[in-house]
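Subject: The structure I promised you

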Amino acid sequence: MSKLVWIGLGLLIMMLSVVSMLTGPVSIFDAVADWRGDRSQEWSIILWEIRAPRTVLGLLVGAALGLAGAAMQGLLRNPLAEPGLLGASSGAALGAVVALYSGLAAEFYLALPLAGFCGAILMSVIVIALAGLQAEMTVIILAGAAGSALCAALIALVLNFSPNPNAGYEIMFWLMGSLADRSWDEVYLALPPMAVGAVLLLFAGKGLLAMSLGEETAHSMGFSPARLRALVLIGSSLLVGSAVSVAGSIGFIGLVAPHLMRSAVMADPRRLLPAAALAGAALLLSADIGTRLLVTQGQELKLGVLTALFGSPFFFGLVLRLRSRGW
Amino acid sequence: MVSLLEGRGLSLTLGKRQVIGQVSISLTQGQLTGIIGCNGAGKSSLLSLLSGYRQPQAGEVLLGGSALTQLTLTERAKRLAFLPQGQVVHWPLSVERVVALGRLPHGSGMKLGAEDRAAVNQAMIWTNVSHLAARNVNALSGGERGRVLLARALATQTPVLLADEPLAGLDPGCQLRLMDVLRGLANDGMSIALVLHDLDLATRYCDRLCLLHQGRLLAEGSPETVLTENNLTCAFGIKAWHGVIDNRRCLVPIMATASG
C-alpha cells in the first residue's frame with residue numbers, strides 16, 4: 001500500500017510536469033513542427049525560460065506549503081492547523097506590499113520576493129520571541145494570530161494610502177498569488193531557504209510521531225518539546241516565507257495536502273511529511289495549469305483564487321464526512 | 001537494595017500554590033511502589049517531577065545514581081518509561097503502531113528490528129491487546145486504549161516504570177491481570193511506581209506505599225504501616241475493613257467520615 005502511494009505520487013507529478021510544459025497560450029505542437037525553423041530560438045525561450053521555471057516553482061511552492069502544513073498539524077496535533085499560523089505568510093504579504101507601495105519593486109526585479117521573505121522571517125522572529133519556545137502551543141498560536149492581525153491591518157493601511165488605484169490593484173493582485181512571469185531567478189532565490197526549512201522539518205519527523213501521544217509522553221521518550229517546536233516553527237517559517245515571497249498568498253494547499261494523504265500513510269505524522277510535500281506539489285501544479293487554461297479578459301485567473309475555489313468545497317465535503325464518521 | 005530512581009527533597013510550586021513540598025522517595029530494584037492519596041494530593045505532579053518533565057524548585061532526582069539533569073533525554077528514555085495520566089492519542093494510529101512507539105528511545109523508527117518486534121509483541125501479550133493490533137486506537141473503548149498505552153510504556157523495556165493511574169477505566173478482571181503482570185515484572189527486577197486509587201489492590205500487590213497528603217509525604221513504608229486507621233481518616237476521610245483472604249491482606253473502604 002505504502003509503496004504504491006509513493007509511486008503514484010511520483011508518476012502524477014511527472015505527468016503534471018509534462019502537462020505544465022505543454023500548457024500555455026502558445027501551442028507546443030507548433031513548436032515541435034517548427035523546431036528547426038526561424039522561430040526555434042523563440043520556442044526555446046518559451047519552454048526553458050518561461051514554462052520550465054514556472055513548473056519547477058509550482059512544484060517547489062506546493063511542496064513547501066504541503067510540508068509546512070503537515071509539520072504544523074503534527075506539532076499542534078490538530079488537523080486544522082495551517083502553515084501560515086505563525087504569521088509567516090501575512091508577514092511575507094506585508095513585506096511585499098511595502099515593496100510595491102514604496103516603489104522598491106519597480107526599482108529592481110527581485111525586490112518584491114526579497115522584501116516578502118524578509119517580512120516573513122521578521123514576523124516569525126517577532127512571534128517566536130513574543131511567545132517563547134517554552135510556552136504552551138496556545139500561547140504561540142495566539143501570538144501568531146496577533147501578528148497576522150497586525151500585518152492585515154498594516155496591509156489595509158497601505159492600501160488606504162496607495163497613491164493611485166493602480167497601485168492598489170497591483171497590491172491586491174499580488175496578494176491573490178500567481179506563478180505567471182516567474183523566472184529561474186525566483187527559483188534560485190526560493191530554493192536555498194526552502195531546502196534548509198525542509199531539512200529542519202524532516203529532522204523533526206520522529207519527534208512529531210512521538211508527539212502523537214502528547215508532550216509529556218514524547219518528552220519521556222527522549223524528545224524535547226521545546227527543541228521540536230523550534231525545528232518546526234523555524235522550518236515552516238522558512239518554507240512558507242519563501243513560498244509566499246515568490247508566489248504570493250496561496251491558501252488551502254497547506255491544509256488540504258496533509259488531509260488528502262493522512263489515511264494513505266495510516267496517520268503516521270512522520271511519513272505524512274514527505275507525502276504531504278508531494279501531494280502539495282501535485283495540487284499546486286494542477287491549480288497553476290488550471291489558471292493557464294481559464295484565461296479571463298486576457299488575464300490568467302489568479303492562483304490563490306483557484307486554490308480557494310477548489311479548497312473550500314473540499315472542506316465542505318470534509319465537514320459532511322466528519323459528521324458521519326470522525327477524523 | 002539498589003535504588004534505581006530517587007527523588008530528594010522535591011518541591012514544586014505551580015502558580016502560587018505549592019503542589020509538592022519536601023518529598024523524598026526512593027524506588028528500589030525489584031519493588032512495586034504504590035503512590036496513593038486523595039484527588040489533588042500531588043501524585044501526578046510527583047511522577048511528573050520523577051520523570052523529569054517538570055523541574056523541581058528544590059531538590060533533585062537521581063536515576064541510577066546520576067542526576068537526571070546530567071543525562072540526555074535519550075539516556076533517560078532508555079532507562080525510565082513514563083505513562084502519564086489520560087489516554088490521549090492524537091491521530092488514528094493502529095494499536096500496533098502505538099505500542100511500537102515504545103521502541104523510539106532505542107532508535108527504532110519506521111522499521112522494527114527483531115528485538116523491537118519481540119518487545120512489542122510481548123508488551124501486547126502482557127496487556128492482552130494482541131487481538132486488537134490492527135485496529136484504530138481511537139476506535140477502542142477507554143479501557144482498551146488504556147491497556148494499549150500501558151503496552152507502549154512496557155515495550156520500552158526500561159528498568160524503571162512510572163505509571164499514572166494505569167488501571168483507570170479497566171474492568172476488575174483486567175485490573176487483576178495487569179497487577180499480576182506488573183508484580184511479575186517487579187519480581188524479575190524492574191522498579192515500578194504506580195499511582196493507584198484502589199487501596200485494596202495497593203494493599204495486595206505493592207511492596208511499599210507512599211501516601212501523599214496536600215503535597216507532602218504523610219506516610220511511607222509497607223501497606224500495613226501506611227494504611228492505618230489514622231492515616232486513612234486523615235488522607236482520605238474514610239474508614240476501612242482490613243482482612244485476610246486466601247492468605248493475602250485486603251482492604252475494603254466501608255464508610256466516609258466527616259473530615260478528609
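Where the two chains touch, chain B puts in 20 residues and chain A puts in 20 residues. Here, two residues are in contact if their C-beta atoms, placed from the backbone, lie within 7 Å. On the chain B side, helix H2 (73-79) and strand S6 (80-83) each supply at least two residues. H2(B) gives the most, with three residues. By class, the chain B side has 14 nonpolar, five polar and one charged. (Nonpolar is Ala, Val, Leu, Ile, Met, Phe, Trp, Tyr, Cys and Pro; charged is Asp, Glu, Lys and Arg; the others, Gly among them, are polar.)

Before you go on: this is a predicted model, where local features need pLDDT of at least 70 and side-chain atom pairs count only at pLDDT 80 or more, while totals for chains, interfaces and linings use all residues. Residues are numbered from 1 along each chain as its sequence is written, and chains are lettered from A and ligands numbered from 1 in the order in which they are written.

Now chain A as a whole. Its secondary structure comes to 15 helices and two strands; these are DSSP runs numbered from the N terminus, with helices (H or I) of at least four residues and strands (E) of at least two. The C-alpha trace spans about 70 × 50 × 35 Å along its principal axes. Among contacts in chain A between residues at least 6 apart in sequence, 79% join residues at least 24 apart.

Next, two helix pairs in chain A. Two packed helices are described by the angle between their axes and the distance between the axes. (Axes are lines fitted to C-alpha atoms, for helices over the stretch in contact, and angles run from 0 to 180 degrees between N-to-C directions.)

- H4 (residues 88-102) and H6 (residues 111-131) of chain A pack at about 140°, with axes 6 Å apart. That makes H4(A) oblique to H6(A); under 35 degrees counts as roughly parallel, over 145 as roughly antiparallel, 65 to 115 as roughly perpendicular and the rest as oblique. The residues of the contact between H4(A) and H6(A) are 15 nonpolar, six polar and no charged.
- H13 (residues 253-262) and H14 (residues 269-293) of chain A pack at about 120°, with axes 8 Å apart, so H13(A) and H14(A) are oblique too. Their contact has 12 nonpolar, one polar and one charged residues.

What lies in the loop between H13 and H14 of chain A? Ala267(A) is there, and it counts as buried because it has 23 C-beta neighbours inside 10 Å. Leaving aside neighbours within four places in sequence, Ala267(A) is in contact with Arg262(A), and with Trp91(B), Pro92(B) and Leu93(B) from chain B. The C-alpha atoms of Ala267(A) and Ser212(A) are separated by 9.8 Å, and these residues are 55 residues apart along the chain.

Last, over to chain B. Helix H1 (residues 43-51) of chain B is largely enclosed by the rest of the structure, because eight of its nine residues are buried. Among them are Lys43(B), Leu46(B) and Leu50(B). Just after H1(B), Gly52(B) takes a positive phi of about 90°.

Cheers!

Key: Buried ≥ 20, exposed ≤ 12 C-beta atoms within 10 Å, placed from the backbone.
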